[in-house]
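Trainee: Could we talk through how some helices sit against each other here?

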Amino acid sequence: MSTESTNFEALSVESASVVRQVSTWQRLSRNTSVRVGGIVLALLVLISLAAPWMGTVDPTLFDPASRDLLPGQKGEITTLEGESLEHTFLMGSDSFGRDIYSRVIYGTQVSLIVGLATAVVSMVFGVLLGLLAGYLRWLDGPMMRVMDGVMSIPAILIAIALVAMLKGSLLTVIVAIAIPEIPRVVRLVRSLVLTIREEPYVEAAVSLGTPTWKIMLRHILPNTIAPLIVQGTFICASGILVEAILSFLGVGLPPDIPTWGNVMAEGRAQFNEYPHNIFFPGIFLAVTVLAVNILGDGLRDTLDPKMAKRI
Amino acid sequence: MSAPILEIRDLSIALPSGGDRSHAVNHVSLTVGAGEIVCLVGESGSGKSVIAQSVMGLLPKSLPVTSGQILLQGEDITHAPLSRLRELRATRMSMIFQEPMTALNPVMTCGDQIDEVLREHTSLNAAQRREKVLEIVREVLLPDPERIIASYPHQLSGGQRQRIVIAMALVLDPVLLIADEPTTALDVTTQAQILKLVLELQKRHGAGVLFITHDFGVVAEVAHRVAVLRLGDLVELGPKDDVLRRPQHDYTRMLMSSVPRMEVTERPVPADAPVVLQVKQLAKTYRDKGWFGPAREVHAAKAVNFDIRRGRTLGIVGESGSGKSTVARCIVRLIDPTGGEVLLGGDDIAMMPPGQLRPLRKRVQIVFQDPYRSLNPRRTIAEAMIEGPMNYGTSREEAMRKARELLEFVRMDASSLDRYPHQFSGGQRQRLCIARALAMEPELLIADEAVSALDVSVQAQVLKLLADIRDRLNLAMLFITHDLRVAAKVCDQVAVMSKGEVVEYGSAAQVFGSPSHAYTRALFEAAPGKGYEFGAG
């Protein structure tokens, strides 16, 4: 042991290496998909918030004199007080004489709310059930069979049934879209929990005497967040899409509420003569869903590299 | 001496920008002659695998060769086109990988995979190829070649799979063989067989071998010459005995002094120290209740007996699947034993229900093998350190004060508390894990392969720390390892496990000095470089 005198520890490779790290935010802001998706979505949020000041009129107003106008034509519109206003119909008008531009812009609000709300609702329930199923072995079997059952019912069918039973309202539509998404989140969370619960740091927590609920909240839940955020964006995109489909089929929100699906449903009969009735809301819908999906892809690549390779 | 088979001249390979250094390999020159085995040794991050990949032309695009040449039998292959490399691979140079399961295609039979090499590079017909495949399978000493070549990789053992990989590498008689940690994933007895096989085949085929390893026992066993790498620099190159016994460079001397000796240093210990843990007839059986047919039973541990006194270290030694980790996990009650007693002081915790067990948990703490997974990546070191004490009612301030004290004890900076695990290296993390365990003031500390994932120099530091802790805190330690050198260094008593049973149990001096069980003897016989004297110069 005569060699102890030399400062060997300083020679060790470990002390020579400096651990460099880039923060998650930096990585996110460098990713093109995140940037593009994020900017487009931010614009849409801005549009939905600024809707009243964007040259719009009340989207429920109509004027029989201004029916079926082409994009850019001028016409009149009657306010609730009975006044007649001169108005330029940027995207034309529908067969009731409503301003499609105003309806599409206000529709952004509905779509974003529905997308966000379905994602939040299905994630909250999905995470809760998934954590329980993954960590409590006895609950796993029964819970997953129930989830399999829910998954076997077509999403649109659940939505139609719910809307038929209850009244078509924003809440009903959100619940109707969220329910079929829950099993997907549960499966994802459960599979994540099954891997994380075997990690040594969870076992270390067990031997430190940490109670089960604390282990789930502190050690397991935070490590499921990244893939969950990614899954959330995809649910959001599909929520927006399904809402439009439901409204288009006439089982979503009441027809007077301006949603992209409703606008398209009304334009359907006259598609040959006035394709703009469907074209404009369709563009908005496509761009929104695309932006959310691109954002989701970017998030997946940065937050969850393992999953990015798999898919 | 004839012209070298492989000549690496002044090779530099760049790392992507933003790393902690600019080069993975920095102006390295070395040669491998015909029939020569050159060992490339170094700790993780030394660039040894990168050199292997560069020779085979397997470097990823992010690691470009920035200067120097690689000559294979005089031909410059540094920037050879892919088509030329494809011709050379398997015929003139071939590679054996660390993990035979991932090096083989799981959906092709082993025979087909060897056959594929022949189909690509020769014009032999099917019958001739089959004859050749059988011949090489026989040469790597696999039993029942006909059955082996019809098997899929998962149907073979780890050692058999590695033999298949070796057969694939040697079937076309290459002049250069690159072995990248070929035995690291194998058990010590299997490792000994594979090393013997590589040596025999190398002699018979006369190939030059570039052998990459981090295990100095293996180096002592196989090398003719040794090249030592540190952070991409070649610090020492010379004949085996010069480098291992009379190292010139400080770094090599440090490495050599870190290699644990295979000899037991007996410590004087009071004979009347109280027993901390007593394990009686401990058993763990896994039952696979199928829906059809009889239940399958696997005895992971059966009738295990031992005890540990305060201030002593008991080592459990065994190969993978011997049940040593099962025993540790039963004692910590991460899994529930199916029989026997685990007496902690006067309490039998083997079957204790969770409610009663909780207050006792703090008395036994465990440090795991993988330092990268033992700390929750999303919690700071402070949160990890105070979690345990706070579970048992210590106030946050008191727990933090203790955490700072313990960090000092494991020789980490107090500023570590606010940082996250990914900001630390493997050895530092292992120190943090030890500190976290000590925060509970345990009577028994279990180290489950706690130094196995660490580089040899870091391993020496952590071993020293563990011995320090045991002496200063006077606690009992259960040390689980597959590495006999490490066991010899730290253990007072040793239990050798095989197939779920303790086959030999006694004082370290007795077990290492005069092993009585045949398995123990075989294990010692297989330890690489067992009789070799490493010197720090």
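Trainee: Is the crossing of α5(A) and α11(A) left-handed or right-handed?

Mentor: Helices here are DSSP runs of H or I, at least four residues, numbered from the N terminus. A crossing is left-handed if the near helix is turned anticlockwise from the far one by less than a right angle, and right-handed if clockwise. For α5(A) and α11(A), the crossing is right-handed.

Trainee: What pLDDT do side-chain atom pairs need?

Mentor: Residues count from 1 along each chain as written, with chains lettered from A and ligands numbered from 1 in written order. It's a predicted model: totals for chains, interfaces and linings use all residues, local features need pLDDT of at least 70, and side-chain atom pairs count only at pLDDT 80 or more.

Trainee: What does the angle make α5(A) relative to α11(A)?

Mentor: Axes are lines fitted to C-alpha atoms, for helices over the stretch in contact, with angles from 0 to 180 degrees between N-to-C directions. Under 35 degrees is roughly parallel, over 145 roughly antiparallel, 65 to 115 roughly perpendicular, the rest oblique. α5 (residues 100–135) and α11 (residues 225–249) of chain A pack at about 135°, axes 8 Å apart. Therefore α5(A) is, relative to α11(A), oblique.

Trainee: And what is α14(B) to α16(B)?

Mentor: The axes of α14 (residues 381–391) and α16 (residues 426–438) of chain B come within 8 Å and cross at roughly 30°. So the two are roughly parallel.

Trainee: Where does α8(A) bend?

Mentor: A bend is the angle between axes fitted to the seven residues ending at a residue and the seven starting there. For α8(A), that angle is about 35°, at A:P180.
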